Amino acid sequence: MNQSATFPTASDPDPVLAAQAKTDTLVSTVNQQMAEGTFDASNESVLRQLVEAFADSRGMMRLRIAETLGEIGQPATPCLLEGLAHHANPVVRRACAKTLTLIADPAAIPTLLDALFQDEDTVVKGSAVGALARIGEPAVQPLLDILASPQHPESTKGHAAWALAFIGAEAQDYLYPALTSDSEEVRAAVIGAIAKVAEAETKENTFTILIQALTDPSENVRSEAAAALGNLAYKPAIPALLELLQHSSGESRKAAALALMKIGDRAALPPLQTTLEQESDAALQPILKLAIGQLEKRVEASDWD
């Protein structure tokens, strides 16, 4: 037996518990100083310690640290950006991105974009997009640039489209000019964002844009617009949706049928029945039958009202 070997005893401190105790003391001290108005937000050493403490295995403690840094605000941004960009631990990078969502500092946009493009951790990517969405208007143009670029994968563009829709009304000054973009992905994302605007602000010109998008050259844009009008149950769109129901594209006919079903007006029943009789695409026939069946139920229910 190796006589030089040593073994932990009952009195030896557990390194994990010791680290957690150190974190507890740090966070408690900072919060007490903040409550007393004595915390020095320019103390980078403490801010870095808080970021490093995101490695703590306790989820509730990480949340408390994030809330603390979020309350500190923009002075914490540089340390959070450093952690997001360079920390080896993905848990720390995730927490940094989520905390930047709380702060919503536009200065974080370049680093958040780098995380979206380059980080290998999908949670970090998603958290970075969440922070971009929360920042709002200053992030709109970079998000539109992502959609317009052929260099980015569909997953990244999907994140960007979601962020634009989340930003919604705040992005209006950028959205309307982008409707004429050469990129169908940009136009589709813009229609999705405008649909969110229409949910909050029932302005006639917003619905007009959605109706006009039903004639867009892109199948994706047409489908996005039809889905939006259906979800909004906008009855004035019925004539344009009935025209779309005759489109040569099967996906467009499908989108029109589903939108008409959601709007729920009995006037759409005869055209839908005629379309079903003429439909040669076997995959679309169940969709048309579903739309007709749902509309008939609504008509029957309204007749008993």
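Is lysine 235 buried, partly exposed or exposed, and what is its relative accessible area? I looked it up in what is a predicted model. Lysine 235 is partly exposed, with a relative accessible area of 48%.

**Entry: the lysine 235 contact**

I then checked what the lysine 235 side chain meets. It forms a salt bridge with aspartate 265, at 3.8 Å from N to O. The cut-off for a salt bridge is 4 Å, so this pair counts. I traced both ends. Lysine 235 sits in the loop between α13 and α14, while aspartate 265 sits in the loop between α15 (250–263) and α16, so the bridge ties together parts 30 residues apart in sequence.

**Entry: the loop between α13 and α14**

I stayed in this loop and looked at alanine 233, which is found there too. Its phi is near 50 degrees, a positive value in a residue other than glycine. Alanine 233 is partly exposed, at 40% relative accessible area.

Next I looked for aromatic pairs. The structure holds two of them. One is formed by phenylalanine 207 and tyrosine 234; the rings are stacked, 4.1 Å centre to centre, with 15 degrees between the planes. This pair links distant parts of the chain, 27 residues apart: phenylalanine 207 is in helix α12 (residues 204–212), and tyrosine 234 is in the loop between α13 (219–231) and α14 (238–244). I checked burial for both partners. Phenylalanine 207 has a relative accessible area of 6%, so it is buried. Tyrosine 234 is buried as well, at 11%.

**Entry: other salt bridges**

I noted the general point that side chains of opposite charge can pair when their charged atoms come close. I counted 10 salt bridges in this model.

The side chains of aspartate 121 and arginine 94 meet in one of them, at 2.8 Å from N to O. The partners are 27 residues apart and link distant parts of the chain: arginine 94 is in helix α5 (residues 90–103), and aspartate 121 is in the loop between α6 (109–118) and α7 (122–135). Aspartate 121 counts as buried, at 13% relative accessibility. Arginine 94 counts as partly exposed, at 27%.

Glutamate 44 and arginine 48 form another salt bridge, at 3.4 Å from N to O. I placed both in helix α2 (residues 44–52), where they are four residues apart, so about one helical turn separates them. Glutamate 44 is partly exposed, at 45% relative accessibility. Arginine 48 is also partly exposed, at 37%.

I also found a network of salt bridges, which links Asp24, Asp56 and Arg58.

**Entry: alanine 104**

Alanine 104 lies in the loop between α5 and α6. Its relative accessible area is 18%, and the limit for buried is under 20%, so alanine 104 is buried.

**Entry: a charged patch**

Last, I looked at surface charge. Glu184, Glu219, Glu251 and Asp281 form a negative surface patch. I followed up one member. Aspartate 281 is in the loop between α16 (269–278) and α17 (285–303). It is partly exposed, with a relative accessible area of 31%. Patch members need over 30%, so aspartate 281 passes that cut-off.

Technical notes
Residues numbered from 1 in each chain as written. Predicted model: local features only at pLDDT ≥ 70, side-chain atom pairs only at ≥ 80, totals over all residues. Heavy atoms only, no water. Phe/Tyr/Trp six-rings, centres within 6.5 Å; stacked < 30°, edge-to-face > 60°. Helix = DSSP H or I, 4+ residues; strand = E, 2+ residues; numbered from the N terminus. Buried < 20%, exposed > 50% of the residue type's maximum accessible area, 1.4 Å probe, protein only. Patch = residues over 30% accessible without salt bridge, like charges linked within 9 Å, V, L, I, M, F, W, Y side chains within 5 Å. Areas by Shrake-Rupley, 256 points an atom, 1.4 Å probe, with all protein chains shown as cover. Lys, Arg positive; Asp, Glu negative; His and termini not counted. Charge placed at Lys NZ, Arg CZ, Asp CG, Glu CD.
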